[in-house]
Amino acid sequence: MKINITVIIINILAILGISFSFYKNRGKSVKALKIALKSSLKMAPAIGIIIILVGLLMGFITPELITKLLGNQTGIIGIILASIVGAVLMIPSLIAFPLTASLVESGASISVAAAFITTLTMIGFVTLPIEMRELGKKITFLRNGISFIIAVGIALIMGVLLK
Amino acid sequence: MNEDAKKQNQQSGNGMNDKSKMGQQKNNNKGNLVILVGIILTAVILLAIYPENKAASINASSDLIKELILILPAVLILMGLFSVWVSKEIVIKYMGHASGIKGMILSLVMGMLPTGPLYIAFPMASMLLKKGARVANIIIFLSAWACIKLPQELVELRFMGARFMFIRLSFTIIMVIFMGFLIEKIDKYSNKK
């Protein structure tokens with residue numbers, strides 16, 4: 001377990017934030033804590049899934065296999081596949097980062113990781129119906145379609161920059 | 001449990017609630033629980049058959065648990081604070097008036113604040129459009145809301161490293177702004193026809 005500067009900063013921010021909030025308005029602060037508790041309960045099953053998945057991944061799947069499936073030599077096809085998976089899946093992105101990090105650690109390429117994270121956050125298959133109802137088909141398809149292309153583009157650029 | 005889920009949805013949706021979303025959320029949670037049970041069973045069986053892989057698996061899982069305990073509560077508290085202190089009404093008020101470069105930056109910043117899940121951003125966006133906000137700004141707002149949440153970026157920084165996060169973030173911001181103007185152009189063009 002590494003306690004690094006990011007962890008310290010996040011916790012200091014949270015402590016300062018909640019203290020200041022309590023000082024300003026007790027009711028609102030209690031509400032904020034309730035929202036935090038509720039969203040963590042809502043996320044709990046997904047967190048459990050990822051924790052076990054990462055364990056199995058590190059214990060059973062060899063880095064060679066991950067490199068073969070998600071490594072650099074998969075090229076553009078690997079990136080496009082990762083983008084599709086990211087677009088369809090509904091993983092809370094907070095939890096997706098550790099999963100992606102462990103994949104990269106065992107041999108997945110940076111491009112595949114970037115593509116997956118970018119479509120996971122930008123494109124929502126599950127929320128498409130709501131988006132269409134509120135903003136119309138045209139804007140919805142344009143936004144999600146262009147986002148997909150952007151994700152592949154960002155992935156390619158990052159593959160070059162972070163080699 | 002069901003009662004709780006309902007309440008929770010009412011709260012997060014505030015005035016702009018919709019029933020289909022409620023059902024979806026419930027199904028989603030149930031589905032995740034089923035997957036969780038399935039994956040626990042799979043793990044137990046796999047580890048029983050291959051005990052030699054046990055150490056590595058349990059190590060990786062417990063490392064991740066420790067990491068998450070250090071980081072997640074703080075992130076969730078920050079998100080809770082934002083959703084309480086920066087209300088939808090404030091976002092709409094500021095974005096409805098701004099224009100030009102200022103409007104663009106404001107859309108980006110308002111989207112980045114962690115004020116709630118994506119599905120409450122769509123009704124906000126449609127309300128803003130009706131109030132006369134630019135299409136480009138709405139797209140920037142929505143995309144920032146979807147993929148550039150501030151506390152989330154701290155988690156990305158923690159797990160993926162500074163270089164990965166900064167490069168991905170800067171390209172995402174540039175591309176999101178570009179996409180906003182592109183979609184606005186296409187939208188204008190197709191409306192003319």
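User: I want to start with one residue. Where does A114(A) lie?

Analyst: A114(A) sits in helix α6 of chain A. Keep in mind that this is a predicted model.

User: How do I read burial? Is A114(A) buried or exposed?

Analyst: Look at the relative accessible area. Under 20% means buried. A114(A) has 0%, so it is buried.

User: Which residues does A114(A) touch, leaving out those up to four places away in sequence?

Analyst: A114(A) touches A155(A) and M158(A) in chain A, plus F164(B) and R168(B) in chain B. Sequence distance and space can also be set side by side. A114(A) and V152(A) are 38 residues apart in sequence. Their C-alpha atoms are 8.5 Å apart in space.

User: Now take S39(A). Which helix holds S39(A), and which backbone oxygen lies 3.2 Å from a polar atom of its side chain?

Analyst: S39(A) is in helix α2 of chain A. The oxygen belongs to the backbone of A36(A). S39(A) has a relative accessible area of 22%, so it is partly exposed.

User: How do I read a nonpolar core?

Analyst: Start with the general idea. In soluble globular proteins, nonpolar side chains tend to be buried together. Now this structure. The largest nonpolar core has 88 residues. I91(A), L94(A), L72(B), F141(B) and F164(B) touch the most other members. A second, separate core has six residues, including I49(A), L56(A), L36(B) and I39(B).

User: What does I91(A) touch, not counting residues up to four places away in sequence?

Analyst: I91(A) touches I50(A), A96(A), L99(A), F116(A) and L120(A).

User: On to the interface. How many residues does each chain give to the contact?

Analyst: Chain A gives 76 residues and chain B gives 79 residues. Area is another way to read it. The two chains bury about 7200 Å² between them. Of that, 77% is on carbon and sulfur atoms. In chain A, K42(A), F60(A) and L94(A) lose the most area to chain B. Together they make up 9% of what that side buries.

User: How many polar links are there between chain A and chain B?

Analyst: There are eleven residue pairs in polar contact, both residues at pLDDT 80 or more. The salt bridge count between chain A and chain B is one.

User: Which element gives the largest share of the side of chain A that touches chain B?

Analyst: That is α2(A), with 26 residues.

User: Now the salt bridge. Which residues of chain A and chain B form it?

Analyst: D187(B) and K138(A), 2.8 Å from N to O. D187(B) lies in helix α9 of chain B and K138(A) in helix α8 of chain A, so the pair joins two chains. D187(B) has 11% relative accessibility and counts as buried. K138(A) has 34% and counts as partly exposed.

User: How many salt bridges does the whole structure have?

Analyst: Eight, over all chains. One of them links R143(A) with E131(A), the closest N and O atoms being 2.6 Å apart. R143(A) is in helix α8 and E131(A) in helix α7 of chain A, twelve residues apart. Both R143(A) and E131(A) are buried.

User: What about chain B? Which residue pairs with R168(B)?

Analyst: E156(B) does, with the closest N and O atoms 2.8 Å apart. E156(B) is in helix α8 and R168(B) in helix α9 of chain B, twelve residues apart. E156(B) and R168(B) are buried. Salt bridges can also form a network: R134(B), E184(B) and K188(B) are linked that way.

User: Last, the overall fold. How many helices and strands does chain B have?

Analyst: Chain B has nine helices and zero strands. Of its 193 residues, 49% count as buried. Contacts tell you about sequence range too. Take those in chain B between residues at least 6 apart in sequence: 71% join residues at least 24 apart.

Definitions and conventions: Residues are numbered from 1 along each chain as its sequence is written. Chains are lettered from A and ligands numbered from 1 in the order in which they are written. This is a predicted model: local features need pLDDT of at least 70, side-chain atom pairs count only at pLDDT 80 or more; totals for chains, interfaces and linings use all residues. Side-chain values use heavy atoms; hydrogens and water are left out. A nonpolar core is a set of buried Ala, Val, Leu, Ile, Met, Phe, Trp, Tyr and Cys residues joined through side-chain atoms within 4.5 Å. Buried means under 20% relative accessible area, exposed over 50%, partly exposed in between (1.4 Å probe, protein chains only). Contact means heavy atoms within 4.5 Å. Buried area is the accessible area (1.4 Å probe) that two parts lose on being put together, summed over both. A salt bridge is a side-chain nitrogen of Lys or Arg within 4 Å of a carboxyl oxygen of Asp or Glu. A polar contact is a pair of N or O atoms within 3.5 Å; within protein, one must be able to donate a hydrogen and the other to accept it, and residues adjacent in sequence count only if both atoms are side-chain atoms. Helices (H or I, at least four residues) and strands (E, at least two) are DSSP runs, numbered from the N terminus.
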